Amino acid sequence: MTFCLTDYDAYGFDLDHTLAKYKLTELCRLAYEGACEALINTKGYDNKLKDDISLHKDFICKGLFLDADKGNILKLSHDGKVLRASHGTKMLTKDELKKTYGADLHWEHFQEAKDNVKSSDGKLKYRFFENYFDIPSAVLCAHVVDFIDQKDGPQEKYTFWQDVYASLGHNYIPKAFAEETGYFFPTLKRNPEKFLQPCSDGVKQWLLELKKQGKVVFLMTSSAHDFATTVLKVVLGSDWQQYFDIFLFNAKKPAFFTDGNSFLGLDGHVETTPVKELQAKTCYSMGNHPDLMKFISQQTQRVKPKVVYFGDSLCSDSFPANNYAGWDVVLVLEEMEAEGYHLTPKDLECDDTATVKKTKRDVNLYIDPEEESFLLSKGWGSFFYHEEEDVKHDKHMNTFWGHLISKYNAIAVPLIEYIAGMPIDHKYKRFSDEVGSTDGFSPAKPKPLL
């Protein structure tokens, strides 16, 4: 089974952590300090809670779960088994795990998390941390548990998560960008270049090439217009609009695919009235999948246009786009780099008949070594694989997230820069239907899966 960009009529792009590559060392520090500040200033927590997150970077790991009532942080298998866990920052032994979760180590909220792929159950019983705006909050939660245990002793039921949840809302509520409230948005707004890495000229050239021959290229981000345009000016330049045929903001993924919200017009940054028919080269807010598909069909003259979407989030990009809309998804997964596969210019060489041993575009494959240290955790282990669970020793993905990667994505790449550096007609191996398939990693599998 292969994947090729020329097979599609439309190309959609998420912004944050997809087209917009963040400098993760700076972003993690900002997100952590912002959450701490909010918890201290709005909920009265101890000032000692705030420290340097680089002291705890080995605790940072994408895809961890908070078991809120127990004050535990969990790493899960593809079938709901607790692989590793900590109480606060203290890692639990196997005996402690069995005492807490039973002999089979099965987590009670697993099925709900697996079926819905939502970051929270709505009742504040659990939360998973899947993007680098909120991953540092897992560290904060662990520290809060440590503080509570030290002050009041272990609790039968912990209630701190509602405070941390509120602090995240305080930092990331969209209006905070314009009002310059909270900690996160005002700090980033003052110096966005500190936190964002501009796209290479190769990516810009690639986006323009995708638009040729009647294809549609669209931007669809859940970020509000004011914040998103600040990001776009850094990563693509002040002429960012030339790269897309339509611009969709505050899309509220995954609700964009399920809730049928009307598209709203935009007057500057301000949302206006509902829109019945989308127009090219226009900015919109919110919206829904059927109306977007109608627009794409009109633009491409295809009754059932094929769409591929580029995103970084299994929760808000891969699962809903594939499950509800039937789109194929290219997952941008920086952990591929961190876990042992390092991109080089040689990865842009291919034996395609159209381009033999020749780099197509000049792209930027550099990853900061300090940033890699924030992506990789010795304490939690691989994002993709847990050796103790691999009884067949066949190196398939056996973590909770590994299963979702292969199920809802066509391919996974470490950076948008990589796929932009390849010929548009290049054929990639795609993930198969086999549980835990590793075929779709490009240019190669992460080291733990070799």
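How many salt bridges does the count come to? The points below answer this and describe selected parts of the structure.

1. This is a predicted model, in which local features need pLDDT of at least 70 and side-chain atom pairs count only at pLDDT 80 or more, while totals for chains, interfaces and linings use all residues. Residues are numbered from 1 along each chain as its sequence is written, and side-chain values use heavy atoms, with hydrogens and water left out.

2. The count comes to 21 salt bridges, a salt bridge being a side-chain nitrogen of Lys or Arg within 4 Å of a carboxyl oxygen of Asp or Glu. Side chains of opposite charge can pair when their charged atoms come close.

3. One of these pairs is Glu209 with Arg361, whose closest N and O atoms are 2.8 Å apart. Glu209 belongs to helix α8 (residues 201–210) and Arg361 to the loop between α12 (335–338) and α13 (369–375), so the pair links parts of the chain 152 residues apart. Helices (H or I, at least four residues) and strands (E, at least two) are DSSP runs, numbered from the N terminus. Both Glu209 and Arg361 are buried; buried means under 20% relative accessible area, exposed over 50%, and partly exposed in between (1.4 Å probe, protein chains only).

4. A salt bridge also joins the side chains of Asp328 and Arg430 (3.3 Å, N to O). Asp328 lies in strand β16 (residues 328–332) and Arg430 in the segment after β18 (428–429), so parts 102 residues apart in sequence are tied together. Asp328 is buried, at 15% relative accessible area, and Arg430 is buried at 17%.

5. The largest nonpolar core contains 95 residues, and Phe13 and Trp206 have the most contacts inside it. Such a core is a set of buried Ala, Val, Leu, Ile, Met, Phe, Trp, Tyr and Cys residues joined through side-chain atoms within 4.5 Å. Among the residues that Phe13 touches are Leu19, Trp206, Phe244 and Ile416, contact meaning heavy atoms within 4.5 Å. Another core, of 34 residues, lies apart from it and includes Leu76 and Met336.

6. Asp317 is found in helix α11 (residues 314–323). Asp317 is buried, with a relative accessible area of 0%. Its contacts, not counting residues up to four places away in sequence, include Asp14, Lys253 and Tyr309.
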